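The following report sets out selected features of a single structure for computational work.

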Amino acid sequence: MKKLLTLLFCLSVLSGAAQNPTLKKAVSAKADALQDKVIAWRRDFHEHPELGNHEVRTSAIIAKHLQSLGIGVQTGIATTGVVGILKGDLPGPVVALRADMDGLPVTERVNLPFASKVKAQYNGQEVGVMHACGHDSHMAILMGVAEVLSSMKKDLRGTVKFIFQPAEEGAPVGEKGGAEEMVKQGVMENPKVDVIFGLHINSQTEVGKIVYRPGGTMAGVKDLQIIVKGRSAHGAYPWSSVDPIVVSAQIISSLQSIVSRNINVTENPAVVTIGLINGGSRFNIIPESVKMQGTVRYFTEADEKLITENVKRIATKTAEAYGATAEVQIPFSNKYPVTFNDIALTAKMLPTLEATAGKENVLLRPPVTGAEDFSFYQQKVPGIFFFLGGMPKGGNSITAPSHHTPDFYLDESGFTLGVKALCNLTLDYMNGNGK
């Protein structure tokens, strides 16, 4: 299968996307002129982050900007989502561009003049809120793209749909949100989208670089919950119990054999992680039950099925062997498909990325076991999701603060490349695929 995908990619790349030096020169000049504006937007969003489905201030700023450019605007999609529709003067396909809007329940530790001091309620607790994954930069970049492309309306052979999406990190408990809900509410229709492009800033990739992967680029993901039920007893008399803590320890250990002994890791990576375990209330009381939650990651339907079946079997049978029971829910609350970059489309648009960033700065990357709900859009139409460098030049990718951490940091000088890349992908796709 991998050889077939590689062959398809190599054959497709020969055709390439239409290159228009005049348009690229115009895009470059306009994007350079917008650099300070894009950075200012990003800093404002960074200082005022909002959690998923609560991006009220954020979406209002975006909607106002799009309206000021003469772009048709729809608001309130999937709670706080914003969609802008820019119709070019010439007929052609519909190209969608997506940015996510939500922050994370992380307390910022970076000493910046625009650092977040925001607090909010999350799962019943007061937490700090931070754009610790770069969604502030995604929004600012796409706002810049909207400004550039709206000024080139006469050159647009088709329609651009700007999708600003809430809750990429997941909706609050008991709510719906994110890309899946945007799709259900018709964001890919009226007008019907032909292709979609998206980017993600990366704090551990040097600024000025673009990294990509055809095919499966980010993992599919499901969360899981296991509740082990035993029999409580005094900690001094464990023989009177069926100890769910001991049973849970055995289950956690055995779950690791799924990847190490059942998945062909030479073909595709996979992950089984337990990230939460909760049981007991006192040091000398064996509890009645233990709850575990975790995540599984995979790149093929076969591996997804294998992992799911093995999690259920290991948990239930291990508990049974100890005289306990185990209730398994997988998925427990969410599931994202594999983020799959269309092979032919990626090959066709690769020359555009190389012309924009310089061929030496566009790098093929291994699969990433992180997940992205951009995958829901890719289930509807061909799409490309690539990564934009945000680490200062000369930085160490190993020690640079990673995403979802209090020390997350971005070099803002890389944003302009993101604006240029999305603009050029849109224009080249339209010019090579006019209807």
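## Aromatic pairs

Phe385 is buried, with a relative accessible area of 0%; buried means under 20% relative accessible area, exposed over 50% and partly exposed in between, with a 1.4 Å probe and protein chains only. Phe387 is likewise counted as buried, at 4% relative accessibility. The model is a predicted one, in which local features need pLDDT of at least 70 and side-chain atom pairs count only at pLDDT 80 or more, while totals for chains, interfaces and linings use all residues. Residues are numbered from 1 along each chain as its sequence is written, and side-chain values use heavy atoms, with hydrogens and water left out.

Rings of Phe, Tyr and Trp (its six-membered ring) pair if their centres lie within 6.5 Å; planes under 30 degrees apart count as stacked, over 60 as edge-to-face and the rest as tilted. The count by this rule is six aromatic pairs. In one of them, Tyr237 and Trp239, the ring centres are 5.9 Å apart and the planes stand at 70 degrees, so the pair is edge-to-face. Tyr237 is partly exposed at 44%, and Trp239 is exposed at 68% relative accessibility. The rings of Phe385 and Phe387 have centres 5.8 Å apart and planes at 80 degrees, so this pair is edge-to-face. Ring pairs link Phe374, Tyr377, Phe385 and Phe387 into a cluster. The charged end of Arg365 sits over the ring of Phe387, 4.4 Å from its centre; the criterion is NZ of Lys or CZ of Arg within 6 Å of the ring centre and within 35 degrees of the ring normal.

A nonpolar core is a set of buried Ala, Val, Leu, Ile, Met, Phe, Trp, Tyr and Cys residues joined through side-chain atoms within 4.5 Å. The largest such core has 64 residues, and those with the most contacts inside it include Leu97, Val145, Phe197 and Phe386. Helix α11 (residues 415-432) gives the most to this core, with 10 residues. Helices (H or I, at least four residues) and strands (E, at least two) are DSSP runs, numbered from the N terminus.

Of the 18 residues of α11, 16 are buried, so the helix is largely enclosed by the rest of the structure.

Beyond its neighbours within four places in sequence, Leu97 is in contact (heavy atoms within 4.5 Å) with residues including Val145, Leu149, Phe197, Leu422 and Thr426.

## Glu147 and cysteines

Glu147 is found in helix α5 (residues 135-150) and is buried, with a relative accessible area of 18%. Leaving aside neighbours within four places in sequence, Glu147 is in contact with Leu34, Lys37, Trp41, His65 and Leu69.

The structure holds zero disulfides, a disulfide being a pair of cysteine sulfur atoms within 2.5 Å. Cys133 is buried at 8%, and Cys423 is buried at 0% relative accessibility.

## Backbone features

A cis peptide bond joins Asn190 and Pro191, with omega about 0 degrees; Pro191 is in the loop between α6 (178-184) and β7 (195-206). A cis peptide bond also joins Ile330 and Pro331, with omega about 5 degrees.

Thr79, although not a glycine, has a positive phi of about 85 degrees. Thr79 is found in the loop between β1 (72-77) and β2 (81-87).
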